[in-house]
Amino acid sequence: MADTLIFDSALRLLRDHADKHAFALVERGEWPTTLWKALVGAGFGDMLGDGLEAGCADAVQVLRAQGQCAAPVPLLEAMLASALGHASTETLPVLAALPQRADVIDAVVARWPGRAQALACTAVGTCMLPTAAVPDTRNYASEPQISINTVAARWSPLPAAIGFDTLWLFCALARAAMIRGALEHMLTLTVDYANTRVQFGKALAKQQAVQHQLALMAEEVAAAGVAVDYAARCFAQADAAMRWQAVAIAKIRAGEAAGKAAEIAHQIHGAIGFTQEYELQRYSRRVWTWRDEFGNEADWAALLGQRLTASDAPTLWQSITRSPTHSSAT
Amino acid sequence: MSVFQFELCELPPEAAALRGEVRAFLEAEIAGAAWDPQGDFCSHFSEDFSKRVGANGWIGLTWPTQYGGHQRSMLERYVVTEEMLVAGAPVTAHWIADRQSGPLLLRFGSEAQRQRYLPGITRGETYFAIGMSEPDAGSDLASVRTRADKVAGGWKLNGRKVWTTYAHRCHYAITLARSAPATAGLPNARHDGLTQFILDLHAPGLTINPIINLPGQHEFNEMVLDDVFIADEDVVGTPGGGWAQVTSELAFERSGPERFLSSFRVLSTLVDAARGSTDARLLGTIGRFTAHLATLRQMSLSVAAMLSRGAMPNLEAALIKDLGNACEREIPEAARLLVSALPQPNLLLDALIEEAVLYAPSWTLRGGTREILRGIIARGLGLR
C-alpha cells in the first residue's frame, strides 16, 4: 500500500510539472527549472538516503511514475549522488556520472554538463568533476550529455555501505522501472488512439489485425511489469546472487519489451506518432535511450548466460526456482 | 494502463518442503529408470506412474479430504506440477482429471458425482479426457453439433468428437453436447442449450478411432457417438448451462506452467551442454530465454495465487498462455541454430530439439489458439 501512495503522489506531481513547456525547454537543450524544483522540493532526489536496499521499493515506484510521464529529468542520477553524500538543491543539481559499462574506470557519462555538478562514480570510487561546458552528444530524447575522461581523477573511496556493483545494479533496475512506466502509458495512448481513429468507416480498434497487435503489446507491457516488480523485491530482500539475477532478468525483459511495444505503438498511430507535436515520441525516444543504458538486453543476456553455465552453477531449474526470501528453492 | 493484474506471489514455506519431497521422488524414479523423461504433459500415459503419484497424495492436492483430496493450497499444487513437467515425468494419465475435470466436478458436480469419481482420480486410478472439439467446431466451440436428446432416465448422445487426447486409455470424457437448439435472436443464443456430460468411454454405442498425429504417435482420437445413453446423474451441473461451466475452466487450463515449459528440457540441456563455453551468441540466447521463462513463471504464480483466492483471472490466463506458447516455440528454433556452437556434440539435445520441433505446432493450438487468446486480450483492453 505504501508503494501505491508514493507512486500516486509522484505521478500527480510529475503530471503537473512535466508539461509541454518542460519538454520544449529540453528539446532546445535548456534545463527544465520548474520541474526540477518541484521534484527536489518534494524530496524525490533523496530517496536513497537510508541506503539503496532500504530505499529501493519507493524509489522504483517514483521512477515508474517518471516513466509514465516521460519526465525529462535526471532523477536517478540525482538520487545516486545524494546517496553518495552529494545532495542536489533546487538551484544546483548534482548528478552521478557513471561509466558506460560496469568495468570501465577511465571514462564516465555526465548528464546535463554545464548545468549540473557531475559526481563521477566508478568501481574505483567517486570524484567531483570540473564543470564541462559543452555537451558533445544528446541521447535519443535530446537530453544533453558528455563523455568525460577520468584518468586524472583523484578518487575518494565509495562509502563502506555502498558497493559499486550494487550501485550499477540499481541503475539497471531503475532504467527497467522507467521503461515499464513509459510502456504502460504508451499502451493507454495506443489503445485510446485505436478506439478513436476511424478509417474504412470504423475505429481502428475494430480491425482484428490491430486488435492482435495491441494484444501483443499488452503482453510485453505486462511481462516488463512483473519482471521489474520481482527484481525490486529481490533487490530489497535477496542475497547478492539472487538480486543480480533478478535485475539482469528485468533489464533483459523490459529492454526487449521496449523495442517491441514501441514498434507496435508507432505502427498503430501512423504518421501522427512520427511527429514532434504528438506525445508518443516523448516516450518512445526515452525507452530507446533507457534500454541501451546500464547494459542493453544482449549485454545482460550474455552475462546471465555466463553465470548460468559456469562450471559450479546449479541446474537451470534450480536457478529459476530459488526464492528471494528462503535459503533454498520454494 | 493496468487492465491486467499481476501481483507478485510469494510461495509459502510449506511449498518449499513439498518441492523437496517431489524432487526426491522424481530423482529416485529417474535413478530407477522407471521411465524415460518426456518433453510434454500430453505425450506419456503411464498408469503405474500416476498410481505412485496418487499414493504420495499429489493428485487432487487442493480438494477436500472427504473426496480423497488433501486440502492443500493452489500454490503447493503449482509446485508439484512444475516439478513434474521439468523432470519430464509421464503425467498424461492423471493430468486432465487433476487440472480440470476434478475441479469442474467440485464446482458444478453433484454430491454423488464427487463421491463416485474424485477418490479414484486422487488415487491415480481414474483418468479423464476432454470431449469438446468436433470436426466443425474447433476454436468456435459453441458450434458443437453433437446432440443430446432427452429420453427416460437420461440422454441419448449422437455426434462426433475429435482430437480427444488419450480417449483410448482414459475412463471418462467430460463431453459437451447441444441439449437444446440455439434460440435465435437472443444475444448469447449460441451459448445456451449446451450441456456437459460425464461420458463413460466404455459405453455401448461409442466407437473410439485413433488419429495419428504429426510426430507419428497415437495420442488423438475420434469418438463417434451413436445413440450413447448417459444417465441423468451423469449430467454435470445444469442442463443447458454448459457454456458458463466450460468457460470457468479456462483460467485453470491456460495459466499453468505447461503453457511455457513444453520445451524447457531443450533449454536446460542446452545450458548443461554449454558449460564452460565462451560463445557470446550461445550464452546470450540462454540468458534471454531464461529471462523470459523466469518472468512467465512469476506471472503464472501470480495467477495461481489469484485462483487460490477464488478469483477467475481468465484475461491474465489468456495473456500468459499466448506469451508462454510463443516462448516455448521459439526455444527449439533458437537451440537448433546453436548446436554447432557447442563445445561438444550432444545427442540428448539433438533428440529433444527434434521432439520439440515436431510437437511445437500443437502448443499454440491446444487449450485455445493464439488467435482466440489475442481476441480475449483485445476484449480486455476494451477494443471489442
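Modeller: Happy to! Please keep in mind that this is a predicted model. Let's begin with the layout of chain B, which is divided into domain 1 (13-126), domain 2 (130-241) and domain 3 (249-380). The C-alpha centres of domain 2 of chain B and domain 3 of chain B lie 31 Å apart.

Now to where the two chains meet. Here 46 residues of chain B are in contact with 45 residues of chain A. On the chain B side, the elements that give two or more residues are α1 (13-31), α8 (264-273), α9 (280-308), α10 (314-336) and α12 (370-380). Of these, α9(B) gives the most, with 16 residues. Sorted by class, this side of chain B has 25 nonpolar, 13 polar and eight charged residues.

Let's stay with α9(B), and turn to its packing within chain B. Helix α3 (residues 74-87) of chain B packs with α9(B) at an angle of about 140°, and their axes are 8 Å apart. With that angle, α3(B) and α9(B) are therefore oblique to each other. Their crossing is right-handed. From α3(B), the contact is made by Met74(B), Leu75(B) and Tyr78(B), while α9(B) brings Leu301(B), Ala304(B), Ala305(B), Leu307(B) and Ser308(B). By class, that contact has seven nonpolar, one polar and no charged residues.

Next comes α8(B), another of the elements on the side that touches chain A. Within chain B, its axis and that of helix α11 (residues 347-363) come within 9 Å and cross at roughly 160°. The two helices α8(B) and α11(B) are therefore roughly antiparallel to each other. Here the crossing is left-handed. On the α8(B) side, the contact is made by Arg265(B), Val266(B), Thr269(B), Leu270(B) and Ala273(B). They meet Leu348(B), Leu349(B), Leu352(B), Ile353(B) and Ala356(B) of α11(B). The residues of this contact divide into eight nonpolar, one polar and one charged.

So what have we seen along the way? The helix α9(B) gives the most residues to the side of chain B that touches chain A, and α9(B) also packs with α3(B). Likewise, α8(B) is among the elements on that side, and the axes of α8(B) and α11(B) come within 9 Å.

Technical notes: Residues are numbered from 1 along each chain as its sequence is written. Chains are lettered from A and ligands numbered from 1 in the order in which they are written. This is a predicted model: local features need pLDDT of at least 70, side-chain atom pairs count only at pLDDT 80 or more; totals for chains, interfaces and linings use all residues. Two residues are in contact if their C-beta atoms, placed from the backbone, lie within 7 Å. Helices (H or I, at least four residues) and strands (E, at least two) are DSSP runs, numbered from the N terminus. Ala, Val, Leu, Ile, Met, Phe, Trp, Tyr, Cys and Pro count as nonpolar, Asp, Glu, Lys and Arg as charged, and the others, Gly among them, as polar. Axes are lines fitted to C-alpha atoms, for helices over the stretch in contact, and angles run from 0 to 180 degrees between N-to-C directions. Angles under 35 degrees count as roughly parallel, over 145 as roughly antiparallel, 65 to 115 as roughly perpendicular and the rest as oblique. A crossing is left-handed if the near helix is turned anticlockwise from the far one by less than a right angle, and right-handed if clockwise. Domain bounds come from an automatic or database domain assignment.
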